[in-house]
Structure formats: C-alpha cells, structure tokens
Amino acid sequence: MSSNIEAAGSDVFGIESQLSETRLFPPSPAFSGQAHIGSMEQYRTEHARSINDPEGFWGEIAKELHWFKPWDKVLEWDAPDAKWFTGGTTNLSYNCLDRQVKAGRGADTAIIWEGEPVDGANGPEVRHISYAELLEETCKCANALKSLGVAKGDIVTVYMPMVPELAIAMLACARIGAAHSVIFGGFAASAIVDRVVDAKSKVVITADGGWRRGSIVPLKDNVDAACAQTDLVEHVLVVKRTAQDITWDAKRDHWWHDAVDKASDDCPCEEMDSEDLAFVLYTSGTTGKPKGIMHTTGGYMVHTYLTSKLTFDLHSSEPGTPPKQIYWCTADIGWVTGHSYIVYGIMPNCVPTVMYEGAPNFPDSGRFWDMVERHKVTQFYTAPTAIRAFMKWGDEWPQKHDLSSLTVLGTVGEPINPEAWMWYHKMIGAESCPIVDTWWQTETGGQMITPLPGATPTKPGSCTLPFFGVDAAIVNEHGEEMPANTGGLLAIRKPWPGMLRGILGDRERFIETYWSTIRTKEGEPYYKAGDGARRDDDGYFWVMGRIDDVMNISGHRIGTMELESALVSHSAVVEAAVVGVPHEIKGTGIAAFCTLAPGVTADSALRDTLRTHVAKEIGPFAKPDMLRFTDALPKTRSGKIMRRLLKDIASGAEKTGDTTTLEDYSVLAKLKESDEG
C-alpha cells in the first residue's frame, strides 16, 4: 500500500494537523445522472437554503411522510432546547409499515433476514418479510404488550439477537406510544440492571439466546441474572431462537409464540405528538452511569428518512415490482446505527433492508461477501474496524464472490484510515462505487457530515461536508471558527431535527456534557460533539478522534487517529491502535498495538521500520515509545477497539477495567503476555 499522506502544518489551539490526503475521487457521470443530488452546485444551493430557511426546507421534507395532524410550527428553538413540528401528530410505525401497505406495497419485501447457522447444502436460514406481514406481526406484538400492561409513555427494555422479532418489537412499541430502550446483546447482566432501573422498565423483551460464531449467547440467562438484582421487572417476553434449556419463571416469563402469535392483528396506531419520546438509547461510557439519550418522534423520523434517502441514494421500485435496490447495514440494532439505518430511516424509503444475525467470519471469512452476492446487495454500510478485519483476512475472500451488484459503499462508527478506505474502494467497490464516510453520533440521531454519492468528490479519510440543515464548524472554546488546517473542537451551531432532547432524568448532565463547553462571547451555547477535527482548504472535515484521545507528546497535541493512520499506511500493518501512557520525560508516551498483514514476520527489525515510518509520515516526536504486535485487538461485539484496556496493558496495570462488552477474552490474555518492544 502506497501512502499519499503528507505533512500539513500545525495549529495554535487543540489538535495538531499533521496529515493530509491528496487523492480525490469524483462520482461518475453515470451515477450523478441518476442521483437525487447530482452535482456540487445542487448540493451547495440546497445546503444554503436548509441553513438560511430551516423551517421551509424541513417543512417540505416532512410533507413527504404521513401526519395525522399537520404541525403548527416547524421549529421552536430556545437553546439548548428544540421542538420540531410542534402541534403535529404522527407515528413511526405507521410511516414504516401502514404507509407502504396503503400505497399498494403490502406484498413488497420490507426485511431480508439471514440467520448465522449454515445447514450444509441447505445453506443459512433466510426469510423475506413483506410490509403486510411485518404490519400484521407488529400489530400482534403491540396487542401482546398491551395485555402485559404496557401503556403510552412507558419504556420497554429490549435485549435481543438480530432476529426479525427485534424490529417487530421496536415497531410495536412505537405503534402503541411506548418508548423502547434497546440494549446491545453483548452487554452483561450488570449493564441490563443499570438500564432497566434508569428507564423504570416493567417489561423486558428478550430471546432464549442468539447465535454468534457458532455458539449461543445466553440472553435469557443474562436477563434472569439482571431480574435477580431488581424487583422492577414484572414481565419478560421471550423469543425461542436457540432452543436450549433455560430457567423459567411461570409468573413472570412468557413465550413470544404464546403471547404474540395468539394476539389480534388489529392495532390502530397511537397519534404521537411530534415531541413525544420515541426511544431511549444508552451510551456506555468507560466510567460513570450510562447516559440515556432521549429521541423524540417527529424530528427524528424526518431526519433519518432524508439522510437515508440522500446519503445512500435510495430509490424505491414501483409497487408490486421487484426491488431496484437491496440495502444492507451490518450494524447491530442495539446501537443507534441499527435504529436509524436498518429500521426507522430505511423502511419509509421503501427499499428492502437486510438484517443478519451473526458474525462476519462464520463459517468462514467470506460470509459478508457471500451474502452480498446471494442477496444482490446494492448499498453496503459497515464500520472501519470491520474493513480492517477484512483486509487482514485477505483479498482472496472477496475475490471469490461476485460483488458487481454494489453501487454505494458506506462507513460508520469512527474515522477511517486512508489506506483502509483505498482497500474498500478497490477490493469491494472495484473502483466504481462512491464511498460515503459518515460522521454522526447516538446523540445526533442521524448522519451529520457525509458525502452525497452523486455529488461529492471524496477524499480517503474525510467525511467531507455537512448534510442539509447541519451547521457544523471547527471552533475554539469561545465559539470562534478556526482557520483551515487548524485543529479545534467539532461543534454544531444550529438545531437539527434528529437532535437529542436530553438525558433521561438528568437535565444537569445534559447541559454539562453537550452545551456548557463551547459558548460564544454573547453566551450562546453550541453543541459540543466531543471530537477534535479540522477543515482543509476545500472545507472538508477531518475528524481526528475523541478529544479524550488527544495526546500531548513533548508539547505536540495529536489525535490517536492520525498516528494509527500513519501505521496502517505501511504495507505490513492491517490495523493499529494507539494509546497514551505515562512517560517520565515526555509526560505522555505513545504505545502502539499493530496487527500485521498475512505472511509478515513480527520481529525487532519490523518494529524499527515502523517507528521510522511513523517519524517520516508525521515527525520524529510521533515515533512510538512502545510497539507491540498482536494477532487481534480487544474489541466490543460491535467492533469498537477498547482502547482503555490497551491503556491499562501499556501502563502495566495489574487489573484491567470493565470487560463486560469484550468480544474475545483470549485477546486480552495474549496481549498481556506479548513482548512490548
């Protein structure tokens, strides 16, 4: 892999801008010609209108969806509190399902679901679920929840594998006006307790288990352990998925196939006020109580609908005809990406959405590419950490499969290293698919900075330009915009429809976390994303990592992402993670952990080569003080690198922090035994 990373200069505030990218990839004329947004001129005109007249812009978009009652006012803004489409009533479940059935799309496919197990010559279990079938099952589930005492305004906790019943449970909650709190299936019992208690959930929906790399994840056992620690939970609704023996409480537990299958399939939608709570989703910080991020109905619905449509250039087929597109986001619905870009943003656009239960390397490392080929996936949305894993597993896996159906590739979750971007572009996209590198957060509800595939020339590693209605800037703590190629704080200066409305039960934390740091001299608060970033000469955004991940190395402030990009730009390295460790001279030293490409020998000579490479790419001050080779990095089941565990290892801590979300505990043991170099 050749590197096109070169020095860019430094700043006087925040993070130094050490790396820039010179490669540029414009969309093809053929793609632009059929795209919703087909030119930069169109993008700039519409973006300016969305910023200057947000009420007019978003009002037009909202009219594309169904409302029981029109709104009185598009936006009421009293920083930091926004109300969107005030006075209007709507329902997320209606816009995902009923709207399609009433438009004659009842027989069209809503969800293509694939289970992880592969049954020999029969292959994996696959289900195609139509909008009419999904509506029927959602109504049954909604009535079952009502029979368990769930009412409008309650919060139902959902802890499930990636099965269709997960989407059905969410849509059923939305249908009757109950908010849901979906917990990622990789969390342990203690995390369930925290979230159940905070949300005051009386009902939990789960499954006996889920499949992951050929093994059963014991979800019901974890719920049982959580219920033993709180008396809040009155009912547990259980989907039978893995059919192993489980403990059963006859007073509390209910099989899905008993309660749901026998319920009525007639359940009218609650007319939800636009600002009624739609769901709570907890962010799992490394320390402290998880934050219950609150999203409301109308603004979130409109934001996710439009970002889905334009970022992935979604086009629905005529009712009753085969789909033009098949969309697949590989995220788990337990994270906000799954909420917004598997369910709530995709279904209103009438494009089939793929759900996959299991791991990307079961039964082998070609599983994703086999699925792309079999289902003829057109839009593919995954995480940079997954892309780096694909690189490590080898080019032979995607090369075994026909990926020619793909038209748009996407990334989400963290900044992507330029070399991983290039591999994705060449190996998966055959140099013909636009890549939409999206920046957003649980708190933003939907995508905020992203290329539009028919309009935006892309640069490897840059999320490019703000989406419509998003006034993003790089500022200092006084809200003053920083010059080009100068690092600072990524801030959003105006409200957007999908924005969080608060932290459940903690107004003070909401203000302190997101609205207290960046204020103009006049006292106006800006939304603080918590990321360090810069804009280049073209106005493109480069996210350089969490502010917490910024290191001060001998007076140089630099983000871990730039150091990791430098390491991955070397052909020997597939993935890298960098953390800061105490250093008696520098104050902070650099510890790097690298996984190597197939066939590369890990030895002291390579260690020296990589240190020299980083010094050349960034500067001598950035040379890692410690560099370890590892077969794998510690990650959560969602694929995020657990850097705090690496920091514990690098600093020689006898005990590591909370490991409840760790995917593979053996990785941690091997790292502790490895030669630090």
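## Helix H10

At 1.5 Å a residue, the 15 residues of helix H10 (residues 297–311) should span 21 Å, and its end C-alpha atoms are 21 Å apart, which agrees. The expected span is taken as 1.5 Å times one less than the number of residues. Helices (H or I, at least four residues) and strands (E, at least two) are DSSP runs, numbered from the N terminus. This is a predicted model, in which local features need pLDDT of at least 70 and side-chain atom pairs count only at pLDDT 80 or more, while totals for chains, interfaces and linings use all residues. Residues are numbered from 1 along each chain as its sequence is written, and side-chain values use heavy atoms, with hydrogens and water left out.

H10 is mostly covered, with 15 of its 15 residues buried. Buried means under 20% relative accessible area, exposed over 50%, and partly exposed in between (1.4 Å probe, protein chains only). After H10 comes Asp313, whose phi is positive, near 50°.

## The eight-stranded sheet

An open sheet of eight strands has mixed pairing and the order E14-E13-E10-E8-E9-E16-E17-E25. Two strands pair if DSSP finds at least two bridges between them. Strand E14 (253–255) and strand E25 (502–503) are the edge strands, each pairing on one side only. Helix H10 packs on this sheet, where it touches strand E16 (277–283) and strand E17 (291–296), and its direction makes about 80° with that of E17. Contact here means heavy atoms within 4.5 Å; axes are lines fitted to C-alpha atoms, for helices over the stretch in contact, and angles run from 0 to 180 degrees between N-to-C directions.

Strand E10 (residues 203–207) runs parallel to strand E13 (residues 235–239), and five bridges join them. In this pair, Thr206 stands opposite Val238 of E13.

## Strand E8 and its partners

Five of the five residues of strand E8 (residues 155–159) are buried, so the strand is largely enclosed by the rest of the structure. Ile155, Thr157 and Tyr159 point one way, Val156 and Val158 the other. E8 pairs with strand E9 (residues 179–182) in the parallel sense over four bridges, and Ile155 stands opposite Ala179 in E9. The chain passes from E8 through helix H6 (residues 164–176) to E9 in a right-handed β-α-β crossover. Right-handed means that, with the strands pointing away from the viewer, the path from the first strand over the helix to the second runs clockwise.

E8 is also joined to E10, by three bridges and in parallel; Val158 stands opposite Ile205 in E10.

## Strand E21 and its neighbours

Strand E21 (residues 408–411) is covered on both faces: Val408 and Gly410 on one side and Leu409 and Thr411 on the other are all buried. Four bridges join E21 to strand E20 (residues 379–382), in parallel, and three join E21 to strand E22 (residues 435–437), also in parallel. Gly410 is the bridge partner of Tyr381 and has Val436 as its bridge partner in E22. E21, helix H15 (residues 418–428) and E22 form a right-handed β-α-β unit.

Ser405 lies in the loop between helix H14 (396–399) and E21. At 17% relative accessibility, Ser405 counts as buried. Not counting residues up to four places away in sequence, Ser405 touches Val372, Lys376, Val377 and Thr378.

## Thr90

Thr90 belongs to strand E5 (residues 89–90) and, at 0% relative accessibility, counts as buried. The side chains of Thr90 and Asn95 are joined by a polar contact of 3.1 Å. Such a contact is a pair of N or O atoms within 3.5 Å; within protein, one must be able to donate a hydrogen and the other to accept it, and residues adjacent in sequence count only if both atoms are side-chain atoms. Leaving aside neighbours within four places in sequence, the residues in contact with Thr90 include His66, Trp67, Phe68, Glu270, Thr297 and Met301.

## Backbone features in loops

The peptide bond joining Ala79 and Pro80 is cis, with omega about 5°; Pro80 is in the loop between strand E3 (73–78) and strand E4 (81–86). A cis bond also links Phe362 to Pro363, with omega near 0°.

Arg213 is not a glycine but has a positive phi of about 50°. Arg213 sits in the loop between strand E11 (210–212) and strand E12 (215–217) and, at 36% relative accessibility, counts as partly exposed. Thr464, likewise not a glycine, has a positive phi of about 70°, and at 0% relative accessibility Thr464 counts as buried.
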